[in-house]
Amino acid sequence: MTVLRPYQTALLESCRAAVRAGARSLCVVLPTGGGKTAVMSEIMRGAVAKGRRCLVAVHRVELVDQMVAALAHNGVAAGALSPRAQSAANHFAPVQVATIQTLIARELRPLADIVVPDEFHHYCTEEWRIVLEYYRRGALILGPTATPERSDGVGLGAIADTLVVGARASELIAAGFLVAPRILRPAAPLKPHQIAQRPVDAYVNHGSGRKAIVFVSRVAQALKAMQEFRIARLGAEMVTADTPWADRRAAFAKIREGRLDALIGVGVFTEGFDLVEIDCVILSRAFSTTGAYLQAAGRGLRPAPGKS
């Protein structure tokens with residue numbers, strides 16, 4: 001069973017207080033690595049014990065399996081609603097975990113007293129908001145996110161009654177729940193489309209021996225970076241939004257076990273990527289919002305043995 005950290009317990013109590021005050025749609029904020037899944041899992045455990053039903057909506061299939069496993073660890077039975085998920089479907093389980101794409105494409109609306117739309121800031125889009133509005137008629141909405149902002153500048157007030165903040169990243173670093181980052185940057189601002197170093201040079205000069213993820217913006221850049229790592233006799237593989245989940249799992253296992261030095265990502269790793277062994281993050285692309293930058297940089301902040 002999950003044992004919550006003190007700030008997670010405080011967040012849970014803050015959510016309960018907001019509901020008692022009349023809120024029905026909560027934007028629940030914790031930094032990347034702060035344990036949003038643990039808090040939501042505990043809330044759903046208590047809800048299921050009272051005979052309530054829950055729905056979790058995620059935007060990537062691998063997150064279905066992660067949430068089902070987290071709920072099982074907390075003693076809660078959950079079924080998967082995604083044709084590509086590894087977890088089994090169980091329509092009689094009190095918790096259903098679905099991709100938002102499956103809910104929309106199949107027009108599924110499972111019965112739910114509590115709905116948890118993961119990465120809540122995405123639900124301002126018209127397509128996803130339709131699902132949210134359906135449940136706002138009678139269910140409690142608990143929307144976890146690390147970054148309650150959007151690149152288009154649209155506020156979350158249209159989908160949330162209140163904002164509940166569990167902790168700041170600086171507080172979690174000070175308490176030892178996240179590792180303190182060492183940040184290296186160019187000495188001067190760069191021109192558009194310019195990078196300070198090739199990713200492989202940045203790795204060799206500053207991150208040698210570490211397990212790295214590299215963020216690039218295009219597949220062509222990823223292929224080039226992967227080739228340069230391999231020329232330098234370093235193990236690297238590319239992961240894109242189109243990479244099959246089985247291949248992603250294999251790549252994750254390789255870097256976890258030390259058989260790869262770097263994973264090079266295009267359109268991935270910014271959300272829902274929980275590989276605690278990562279201790280080097282190379283940003284070889286621009287980020288248009290603070291939120292996207294924090295999501296990317298935060299992938300290296302989770303504590304793990306040997307990390308400081």
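Author: The axes of helix α1 (residues 6–20) and helix α2 (residues 36–49) come within 10 Å and cross at roughly 50°. Here helices are DSSP runs of H or I with at least four residues, numbered from the N terminus, and axes are lines fitted to C-alpha atoms over the stretch in contact, with angles running from 0 to 180 degrees between N-to-C directions. The angle therefore makes α1 oblique to α2; under 35 degrees counts as roughly parallel, over 145 as roughly antiparallel, 65 to 115 as roughly perpendicular, and the rest as oblique.

On the α1 side, Gln8, Leu11 and Leu12 meet Ala38, Val39, Glu42 and Ile43 of α2, contact meaning heavy atoms within 4.5 Å. These residues divide into five nonpolar, one polar and one charged. In this division Ala, Val, Leu, Ile, Met, Phe, Trp, Tyr, Cys and Pro count as nonpolar, Asp, Glu, Lys and Arg as charged, and the others, Gly among them, as polar.

The model is predicted: local features need pLDDT of at least 70, side-chain atom pairs count only at pLDDT 80 or more, and totals for chains, interfaces and linings use all residues. Residues are numbered from 1 along each chain as its sequence is written, and side-chain values use heavy atoms, with hydrogens and water left out.

Helix α2 also packs with helix α3 (residues 61–73): their axes come within 10 Å and cross at roughly 55°. That makes α2 oblique to α3, and this crossing is right-handed. Thr37, Ser41 and Met44 in α2 meet Met67, Ala70 and Leu71 in α3, a set of four nonpolar, two polar and no charged residues.

Further along, helix α7 (residues 199–207) and helix α8 (residues 219–231) pack at an angle of about 40°, with their axes 8 Å apart; they are therefore oblique to each other. Pro199, Val200 and Tyr203 from α7 meet Ala225, Glu228 and Phe229 from α8, giving five nonpolar, no polar and one charged.

Ring pairs link Phe215, Trp245, Phe252, Phe269 and Phe287 into a cluster. Arg285 lies over the face of Phe287, at 4.1 Å from the ring centre, where the criterion is NZ of Lys or CZ of Arg within 6 Å of the ring centre and within 35 degrees of the ring normal.

Technical notes. Rings of Phe, Tyr and Trp (its six-membered ring) pair if their centres lie within 6.5 Å; planes under 30 degrees apart count as stacked, over 60 as edge-to-face and the rest as tilted. Helices (H or I, at least four residues) and strands (E, at least two) are DSSP runs, numbered from the N terminus. A crossing is left-handed if the near helix is turned anticlockwise from the far one by less than a right angle, and right-handed if clockwise.
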